[in-house]
Amino acid sequence: MNAIEVTDLWKVYEIKQHRKGLMGGLHDLIRPHIIEKPAVRGINFSIQQGETVGYIGPNGSGKSTTIKMLTGILTPTRGQVIVRGVEPNRQRQANAAHIGAVFGQRTQLWWDLAIRESFDLFRHIYRIPAQRFKDNVDRMYNLLQLHSFDSTPVRQLSLGQRMRAEIACAFFHDPAIVYLDEPTIGLDVIAKEQIRAFLRDINRELNTTIILTTHDMEDIEQVCNRLIMIDDGHIIFDGGMQQFMDTYGTERMLSIELESQVSDFYVEGAKVVANEGKQVRIMFNKADISASRLIGQLTERYSVKDCQLQEPKIEHLIRGVYESRGVTA
């Protein structure tokens, strides 16, 4: 079953443009000059229950606007969003019962309460049965390692501790879909990995659909099995992570250590990008020549001590896609 269905979705903001001078001000009062600015332009996609989807784009691309329409915060200008059989903007309460959300630095915890007291308030807001709540609390405490600070007021928590507590809140009522906006922003390496491991575990155990928006591409790489890229309100890629790598990650780097220096190093089907003493780096396209064939040519021509194949990083590939479209930030 599809958890989310998006059909010809548009969001157009109306912006008042003020005229100059006294007469311009009078004109604005009588007949305001309205400019339409599309943020999302006729996008279509569906997401199945249990998918983990990275939804990414540069600032101003329409990414956050889409998420706000999926959660019911914004009403589409036209088109349709269906989330588990309901329209989020028309049936907000029914939609809220089936979703969880974490939006970056915006807290859903009570600042002066210990997190366990915030969790108990959250139970009453969502009317979670006592046994179900207890089971979920035990699961969250174990997976997110909350025991050591559950009696600490929220205002005294570190950023990593607070984000783990925020994520626990998003999952207490067993939501079918969870939206996470920058869930690891500002966290250290250990805290990031704890959250990523939790998301993988909860998706595997409960088949929870996770929609992840982030600028940390390692979050996408470690958590998501599908990637949707948006730019200027249009979807420019929608597919599996391996499909993305196969489409855009065709270039490979091979680092070679030679027994002795070779000043005029050359191998057919590859480009030398660095030749420093006995260390040589070459770039090749896997669509033109395989790594095994290239290494075979090298060992026939040169005395090779060692070589290492470097796969492209997804962060570099995504940056390259947007830069090719003229996006610089």
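**Exercise 1.** Determine which residue forms a salt bridge with R226 at 3.0 Å, and where the two partners lie.

*Solution.* Step 1. A salt bridge is a side-chain nitrogen of Lys or Arg within 4 Å of a carboxyl oxygen of Asp or Glu.
Step 1. R226 belongs to strand β8 (residues 226–231), whereas E51 sits in the loop between β2 (33–48) and β3 (52–56), so the contact ties together parts 175 residues apart in sequence. Helices (H or I, at least four residues) and strands (E, at least two) are DSSP runs, numbered from the N terminus.
Step 2. Buried means under 20% relative accessible area, exposed over 50%, and partly exposed in between (1.4 Å probe, protein chains only). R226 is buried at 11%, and E51 is buried at 16%.

The model is predicted: local features need pLDDT of at least 70, side-chain atom pairs count only at pLDDT 80 or more, and totals for chains, interfaces and linings use all residues. Residues are numbered from 1 along each chain as its sequence is written, and side-chain values use heavy atoms, with hydrogens and water left out.

**Exercise 2.** Identify the strand that holds D238, a salt-bridge partner of R226, and classify the exposure of D238.

*Solution.* Step 1. The side chains of R226 and D238 meet at 2.9 Å, N to O.
Step 1. D238 lies in strand β9 (residues 234–240), twelve residues from R226 in strand β8.
Step 2. With a relative accessible area of 32%, D238 is partly exposed.

**Exercise 3.** Locate the salt bridge between R162 and E166.

*Solution.* Step 1. The N-to-O distance of this pair is 3.2 Å.
Step 1. Both residues lie in helix α6, four residues apart, about one turn of the helix.
Step 2. R162 and E166 are both buried.

**Exercise 4.** Describe how β11 and β12 pair.

*Solution.* Step 1. Two strands pair if DSSP finds at least two bridges between them. Strand β11 (residues 271–276) and strand β12 (residues 279–285) pair in the antiparallel sense over five bridges.
Step 1. R281 in β12 is the bridge partner of A274.
Step 2. The strands form a hairpin with two residues between them, and G277 in the turn has a positive phi of about 65 degrees.

**Exercise 5.** State how many disulfides a search of the whole structure finds.

*Solution.* Step 1. A disulfide is a pair of cysteine sulfur atoms within 2.5 Å.
Step 1. The search of the whole structure returns zero disulfides.
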